[in-house]
Amino acid sequence: MAICADETGREETLYEDVHSSSQHYSHSGGGGEQLAINELISNGSVVCAEALWDHVTMNDQKLGFKTGDVIEVMDATNREWWWGHVADGEGWFPASFVWGYIRQCRKRSDMFSEEQLRTIFGNIEDIYRCQKVFVKALEQKFNRERPHLSELGACFLEHACQLLQKMIDISLDGFLLTSVQKICKYPLQLAELLKYTHPQHRDFRDVEAALHAMKNVAQFINERKRRLENIDKIAQWQSSIKDWEGEDLLVRSSELIYSGELTLVTQPQAKSQQRMFFLFDHQLIYCKKDLLHRDMLYYKGRVDMDGLLVLDLEDRKDKDLHVSIRNAFRLHRGTMGESHLLCARKPQQKQRWLRVFAREREQVRLDQETGFSITELQRKQVMLNASKQQAAWKPKAHGRPYYLTCQKHPVLPASLPQQ
């Protein structure tokens, strides 16, 4: 968040506004901040944090320190508790007890560069200014002497339209910020306001329209949050697949749309192979089950879904392979391009696959329209975490890829202390 020369005093004013409202923009251990910190740690950088409060503890697994102490952060993978080191030792400490205002971080140029501040705090100042304008608009429309005559619907309606336009520019991890998540409470507040607004009131139609618009905003935010949570699961799934080849799934995909077993018929001898297929946005992954341990999967290949045609085939004898096919469909690219013949066990399964292929194309179209994407930083971080977990896990004798929690340090504290 570089400060331009023609904006002298803006940062000071913003700081005073934030300070007077007692809003601490401290690190909560989630979203883009956590990704950025873990990226620095994984690259071998020394990450330090300044204590905002004293942390007094008698537990030998927790780290005690005083306000102003500089703590070396060694592990920030947990959202609430970090593992750190000071001169007297190391241990768990609450993430909310370190860091502070953007202004305070900017003072420590020895600890934070402008690029690091942009990565850590994102556009938090823009969010604050947007909310400040919204609050002022509400205050102007609120009739303090006769509250029942207030007309707030238009403010919410205008704010919702602005949010939908600006949401596209927010990075994916930005949807985990508390200030963004609070927007999802607006529909509940508007629904309560509409409940007690008389249909003949001048504000009734605006409140009704604002409620509908805010529901769309909340749905957009919740969907983005869900997709962000999905990328962790996808990274863990890829890490559990044996003999993986090629680029990571998250380079192009972010959603598992459907999975199931199909028969892959290959040329030239019309060889039939049972494979597990996993349809993601942009690509189809297929794996082979282990003969003894059926829940262990081996990577066998992938199909690029972009520009691919899905052809529904009738039950008949294939003229090229000279075999009878049932419940079949073909994935085909151009006249001389790649072609894959797949068969389902039942007609209902075939129809389900045809529907999810159409849904995959629709998902890709929506992501392009809304500007959905995963940053390189996010992809690297989740893949790094998944690979660390996979290396630390000890599967049982039969080799099942359990997603077991592996403690790198002593057990996490059960509750956060009071600040």
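In which helix is the place of R226?

Modeller: This is a predicted model, in which local features need pLDDT of at least 70, side-chain atom pairs count only at pLDDT 80 or more, and totals for chains, interfaces and linings use all residues. Residues are numbered from 1 along each chain as its sequence is written, and side-chain values use heavy atoms, leaving out hydrogens and water.

R226 lies in helix α9, which covers residues 204–240. Helices (H or I, at least four residues) and strands (E, at least two) are DSSP runs, numbered from the N terminus. R226 counts as partly exposed because its relative accessibility is 32%; buried means under 20% relative accessible area, exposed over 50%, and partly exposed in between, with a 1.4 Å probe and protein chains only. In sequence R226 and E255 are 29 residues apart, while their C-alpha atoms are 9.9 Å apart in space.

L264 has L342 of β13 as its bridge partner. Strand β12 (residues 328–332) also runs antiparallel to β13, joined to it by 5 bridges, and here L331 has H340 of β13 as its bridge partner. Strand β13, residues 339–343, is mostly covered, with 4 of its 5 residues buried.

Elsewhere, 4 strands form an open sheet in the order β1-β2-β3-β4, with antiparallel pairing. Its edge strands, β1 (47–50) and β4 (89–94), each pair on one side only.

Notes:
Two strands pair if DSSP finds at least two bridges between them.
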